[in-house]
Amino acid sequence: MTQIIISIIAFVATITFYYKYTKLKDYKKESRTSTDSGIFEDNTRHNFRINLHHQPCLITLTHLENSQLSQIKNKQFYGYVDNISTSGLKFLCNFNFPVKDRVMIKLNITIKSYSFTLTGEIIRKEEHNQNKQIAYGVHFNKMSEKERIRSTKVLNEVIVEKKKKSNMVEIR
C-alpha cells in the first residue's frame, strides 16, 4: 500500500513539473548577484528543489561576457551541487569569480547512476566567509523536452527514495 501511495505522489509531482514548465516556459526570471546594487525582484521558485547534500560535479566556464576574464574561459573546477530542480541548481565551490556580467557554465553531474551535462547561466552568487565556499545559483537554458522529462524522472526517483527512507525511520 505504501509503494502505491509513493508511486502516486511521484506521478503527481511529474505532472506538476511538466504543467508548470509548459505554463512558464516564456517567463523570464530576473535575479541578482551579491555584487549588484539596486532594486530586485523576490527570489521566487517555480519548481520544487531537491537537496542533494553536496553531490560532486565538474563545472566548466563556457562563456564570460566580461572580456577581461577571457583567461578563465573553459576553466574547469570541481564543486558540489547543494540542491537542484528541473529549472536550475545551486552549487558550492572554492573558486571565486565575478558574476556581475553574464557567465555561462556547463555542469557534469551523476544522480542515481544517471549522468547529466547541464548548461546554464549563473544568476546569483553568495559568499560564505566561515567556510570559504561560494554558492552560485544557476538557471538552466536550452534544455530539450526529452532531457527535461529525463531529469524530472530521476529527481522523482530521488524523492521517492527519500520518502521511503523517512518512512523506515518512522516505523522503527
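At 25% relative accessibility, glutamate 126 counts as partly exposed, a class that lies between buried, under 20% relative accessible area, and exposed, over 50% (1.4 Å probe, protein chains only). Before I continue, please note that this is a predicted model, in which local features need pLDDT of at least 70 and side-chain atom pairs count only at pLDDT 80 or more, while totals for chains, interfaces and linings use all residues. Residues are numbered from 1 along each chain as its sequence is written, and side-chain values use heavy atoms, with hydrogens and water left out.

Glutamate 126 forms a salt bridge with lysine 90 (3.7 Å, N to O); the term requires a side-chain nitrogen of Lys or Arg within 4 Å of a carboxyl oxygen of Asp or Glu. This pair links distant parts of the chain, with glutamate 126 in strand 5 and lysine 90 in strand 3 (residues 88-93), 36 residues apart. Helices (H or I, at least four residues) and strands (E, at least two) are DSSP runs, numbered from the N terminus. Both residues belong to a salt-bridge network that also includes Asp82 and Arg124.

A further salt bridge joins arginine 102 and glutamate 121 at 3.6 Å, N to O. Arginine 102 lies in the loop between strand 3 and strand 4 (103-111) and glutamate 121 in strand 5, so the bridge ties together parts that are 19 residues apart in sequence.

In helix 2, glutamate 157 and lysine 153 are 4 residues apart, which means a separation of about one helical turn. Their side chains meet in a salt bridge of 3.5 Å, N to O. Across the whole structure, the search finds 9 salt bridges.
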